[in-house]
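Me: Hi! I have a structure open and would like to talk it through with you. Could you have a look?

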Number of protein chains: 2
Amino acid sequence: MPNSARNSDRLAQARERFVQAWGQMAGAWGVSRTMAEAHALLYIVGDPMNTDEVMDRLQISRGNASMSLRALVDWGLVTRVHKRGDRKEYFLAEQDVWAMLRTIIRERKKRELDPLLVSLHETRDLTASGAGAAAGTDPLIKQHNARLDAMLEFATVLETLADQASSPGGVDLDDAARALAEANEERP
Amino acid sequence: MPNSARNSDRLAQARERFVQAWGQMAGAWGVSRTMAEAHALLYIVGDPMNTDEVMDRLQISRGNASMSLRALVDWGLVTRVHKRGDRKEYFLAEQDVWAMLRTIIRERKKRELDPLLVSLHETRDLTASGAGAAAGTDPLIKQHNARLDAMLEFATVLETLADQASSPGGVDLDDAARALAEANEERP
DNA sequence: CGTGGTTTTCAAAACATTCTGAAACCATGC
DNA sequence: GCATGGTTTCAGAATGTTTTGAAAACCACG
């Protein structure tokens, strides 16, 4: 067997392994397993793939492939690409892992943190000082408000952080992470 | 109706609202809805509660309450406390939100990031230079390895960061977050 | 327009997760 | 030792999520 054949076997195997590994992270960043696998496949292959290729590689139905790819495009992790002389649509994954992270942070903030903050503020209004005659002095309410405020400030700081990390004008995540990592190595 | 009654109504309502809001975050940090709700309840009430109280407040079965509370204890977000003259077990939530965040980061790293790194390393070995005659020169394999290495380094930096953030000797998250937030406000 | 290839939609099925409730278990005091 | 009150376990039920597959919509081109 020629080397080229053995190499492509190995490559296929490594790709498969990577897709599975990344698929396990699906839960970690709030998408379905298939969506994560499709993303992993597109990332590791590096070239644009069409729906049929993705269906074949992942052994999933056309409907599922369509849904998952569209969701990836919605998230901004994958872009549609057109090839001349081919009516099929192709999909290409973002290749910069730090850009990927920024996208994920931005999306999750929008879907999870922002709604939480709205709810927390609404909750806070229920026991605001003006809301009842004795509310401002009731010790139970005071303690409740203190806890709620702690959580509210926490969420607010996280939000600012997420904005920082995900906006292009903010801190560069790669740099910041490395700086912190090095700072730690000096004092282990 | 006396003020005290109206206040306790308001308080109950606010607690309920908070529990629901926090419950929505369940997915975001990888626990079941009930687990998040139980945690929210214990946090916002602030005092230790026993299983029956949690069951009543959340309208869940004894089995579910037992499972969820135990899981929270396993995560380290809640501690068991005993009351003199009472055979029931009581549960108390960590009150420092930043300590909570550290715990969550530590747990998720252990459950998600560490296994990913193992898989990525194993995958990398499949196409290592030594693994095949022409593997080191095949351009397809070279490109694959470059992408895999980028991901591997990414995950490694995240791991260091997670260690930093979750260890007591590391960077203080609260301080770091505030510093970054302020740095941003000056240059919006 | 009509045609043929392509993508999207969506109800139903498959699958996965979470919850219940009752039985088993455990510790304590009598 | 055994009765009492409390906790844990776990098989099956309920619920929630994902996937399928086929039909409908789409669309570029002649």
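Me: Let's begin with Gln59(A): buried or exposed?

Reply: Gln59(A) counts as exposed, because it has 7 C-beta neighbours inside 10 Å, and the cut-off for exposed is 12 or fewer. Keep in mind that this is a predicted model.

Me: Thanks! Where is Gln59(A) found?

Reply: Look in the loop between helix 3 (51-58) and helix 4 of chain A. The backbone there is worth a glance too: Gln59(A) is not a glycine, yet it has a positive phi of about 55°. For background, most residues other than glycine have a negative phi.

Me: And what is phi of Gln59(B) near?

Reply: Phi of Gln59(B) is near 55°, again a positive value in a residue other than glycine. Gln59(B) is in the loop between helix 3 (51-58) and helix 4 of chain B. It counts as exposed because it has 7 C-beta neighbours inside 10 Å.

Me: OK, how is chain A related to chain B?

Reply: A rotation of 180° superposes chain A on chain B, with 0.0 Å of shift along the axis and an RMSD of 0.1 Å. The two copies are therefore related as by a two-fold rotation axis.

Me: How many residues does each chain bring to the contact?

Reply: Chain A and chain B each bring 54 residues. On the side of chain A that touches chain B, at least two residues each come from helix 1, helix 2, helix 5 (97-126), helix 6 (139-166) and helix 7 (173-186) of chain A. Helix 6 gives the most, with 13 residues. By class, that side of chain A has 29 nonpolar, 17 polar and eight charged residues.

Me: Why can one say the copies meet through the same surface?

Reply: Because 100% of the interface residues of chain A are also interface residues in chain B.

Me: Nice. New topic: which residues come nearest to DNA strand C?

Reply: Of the 18 residues around DNA strand C, the nearest are Gly63(A), Glu89(A), Ser61(B), Gly63(B) and Asn64(B). The elements giving two or more residues to that surface are helix 4 (62-75) of chain A, plus helix 2 (33-45) and helix 4 (62-75) of chain B. Helix 4 of chain A gives the most, with five residues. The surface near DNA strand C has two nonpolar, nine polar and seven charged residues.

Me: And which are the closest to DNA strand D?

Reply: DNA strand D is surrounded by 19 residues, and the closest are Ser61(A), Gly63(A), Asn64(A), Gly63(B) and Glu89(B). Two or more residues each come from helix 2 (33-45) and helix 4 of chain A and from helix 4 of chain B. The largest share, five residues, comes from helix 4 of chain B. Sorted by class, the surface near DNA strand D has three nonpolar, nine polar and seven charged residues.

Me: Let's zoom out. How many helices and strands are there in chain A?

Reply: Chain A has seven helices and three strands. From the N terminus, their order is α-α-β-α-α-β-β-α-α-α.

Me: What radius of gyration does chain A have?

Reply: Chain A has 23 Å, whereas a compact globule of 188 residues would have a value near 16 Å. Along its principal axes, the C-alpha trace of chain A spans about 85 × 50 × 30 Å. As for burial, 29% of the 188 residues of chain A count as buried.

Me: What does the domain assignment of chain A give?

Reply: The assignment gives domain 1 (3-93) and domain 2 (97-186). Taken over C-alpha atoms, the centres of these two domains of chain A are 33 Å apart. The contact takes five residues from domain 1 and five residues from domain 2. On the side of domain 1 that touches domain 2, there are three nonpolar, two polar and no charged residues.

Me: One last thing: how many residues apart in sequence are Glu16(A) and Ala150(A)?

Reply: Glu16(A) and Ala150(A) are 134 residues apart in sequence, and 45 Å apart in space, C-alpha to C-alpha. Glu16(A) has its place in helix 1 (residues 3-24) of chain A. It counts as partly exposed, because it has 16 C-beta neighbours inside 10 Å.

Key
Residues numbered from 1 in each chain as written. Chains lettered and ligands numbered in written order. Predicted model: local features only at pLDDT ≥ 70, side-chain atom pairs only at ≥ 80, totals over all residues. Near = placed C-beta within 6 Å. Helix = DSSP H or I, 4+ residues; strand = E, 2+ residues; numbered from the N terminus. Nonpolar A, V, L, I, M, F, W, Y, C, P; charged D, E, K, R; others polar. Buried ≥ 20, exposed ≤ 12 C-beta atoms within 10 Å, placed from the backbone. Rg over C-alpha atoms; globule rule 2.2 N^0.38 Å. Contact = placed C-beta atoms within 7 Å. Least-squares fit on C-alpha atoms with pLDDT ≥ 70 in both. Domains from an automatic or database assignment.
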